[in-house]
Amino acid sequence: MDATCSVTPLAQRVERAERSIVNCLEILSFGLAAALLAVLVQWVWRDTIAPHVKLFRRDPVEAVVYGFRIDEVRAGSRDYSFPRVLYRYEIDGEPFESAVVRHPNWVPPPSDFPGEAGGDETDAGEVRFYGPERQQRAQEFLKQYHVGQKLTAWVKPAEPGDAMLVRQEFFDWPFESGLIPGLFVPFAWMFFCGSLDTIIGRPPGRWIACGWAVLSLASFAPVCWQYRQLLGPPGWNQFTRLQDVGLGLAGTILVACLLPRPFRNGMSVGLLLSFTVLVLIGLVLAVFCGIFGPLFGLKLLPSSMVVPFLEFALIGGIILGLLLGLGAWRGVVSIRADGEGNPDRTSGCKT
């Protein structure tokens, strides 16, 4: 049976007008999403992240130890011993002095356990000891330093006189909340374009994915970059590795949208299979370790099990996608994942 198509000039004009309207809606939706993203990121940055960055931002400078002392302070019913390391440093040729050491962790208020470091509103995070052997413990702490020793001091850029010898850790939650716009806006835009695709067959799936990738990179990248700058020399942690997976996935999808159809479809299938299988395995292992780990003496956090599988899923998905794309391009396999081969719903074709 032969298929014939009969399309009147009026139907063609209606079809072109419909496509123009949809294209305008796509551009408008992308612009609105970008504007909403800018507003949300600015709001989250101003109220949540910026104060956190200002509080914990420190630059390294070389310092020289010139003395020691132990301060005895009575707070309430307790006597505390604060070991002080006296050191000098220079900022743009101007000399400064400090005796602040700090504890590496942002510790809670004083503990009930003798000898444990604690902090309160006035000296949060400072190293201090209490109990019957507090002075001996403070002296033992100071033995790791000696006069003339060169150390790295961490100075607040806006206040050169504010320095510490031990750089404190900081909380991840401001940056985690800063990623909320990066989750909301791209998926809201993708849902809108997906609704258009369901109703009138446009835009194609590749452009929906491309828009999601662009908006995701625009929202994730600045927050992740600022987090890395604040994190500094200590290096990677679980949160930075998770950021790498998110940025890598968005970048991979963006590049895949620009590839020829065989590779584009291959990447879609490869990423979907890889993330489905490996993430499922990671979740199962995380649940298993969480339930049965204590019975076998295993002390593993669920994130330590899931994050590596996310990394493997991204790398494995890219490799599998490229292999499938190469096979489709050479005609070895047949893949059809983006729906671009569907007939036009407004063509007026008859069979």
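Leaving aside its neighbours within four places in sequence, with which residues is serine 81 in contact? In this predicted model, the residues in question are Ile70, Asp71, Glu72, Arg128, Phe129, Arg134, Gln135 and Ala138. Serine 81 belongs to strand β3. Its relative accessible area is 0%, and because buried denotes a value under 20%, serine 81 counts as buried.

With glutamate 72, the side chain of serine 81 forms a polar contact of 2.6 Å. With arginine 134, the corresponding side-chain polar contact spans 3.4 Å.

The largest nonpolar core comprises 20 residues, of which Val85, Tyr87, Tyr89, Phe141, Tyr145 and Leu165 touch the most other members. At least two residues of this core come from each of β2 (59-75), β3 (78-91), α2 (134-142) and β6 (150-156). Strand β3 provides the largest share, with 4 residues.

Tyrosine 145, one of the core residues that touch the most other members, shows which parts of the chain meet at this point. When neighbours within four places in sequence are set aside, tyrosine 145 is in contact with Phe68, Val85, Val101, Leu151, Leu165 and Val166. Apart from this core lies another, made up of 17 residues and including Cys210, Leu271, Phe275 and Leu314.

Terms used. Residues are numbered from 1 along each chain as its sequence is written. This is a predicted model: local features need pLDDT of at least 70, side-chain atom pairs count only at pLDDT 80 or more; totals for chains, interfaces and linings use all residues. Side-chain values use heavy atoms; hydrogens and water are left out. A nonpolar core is a set of buried Ala, Val, Leu, Ile, Met, Phe, Trp, Tyr and Cys residues joined through side-chain atoms within 4.5 Å. Buried means under 20% relative accessible area, exposed over 50%, partly exposed in between (1.4 Å probe, protein chains only). Contact means heavy atoms within 4.5 Å. A polar contact is a pair of N or O atoms within 3.5 Å; within protein, one must be able to donate a hydrogen and the other to accept it, and residues adjacent in sequence count only if both atoms are side-chain atoms.
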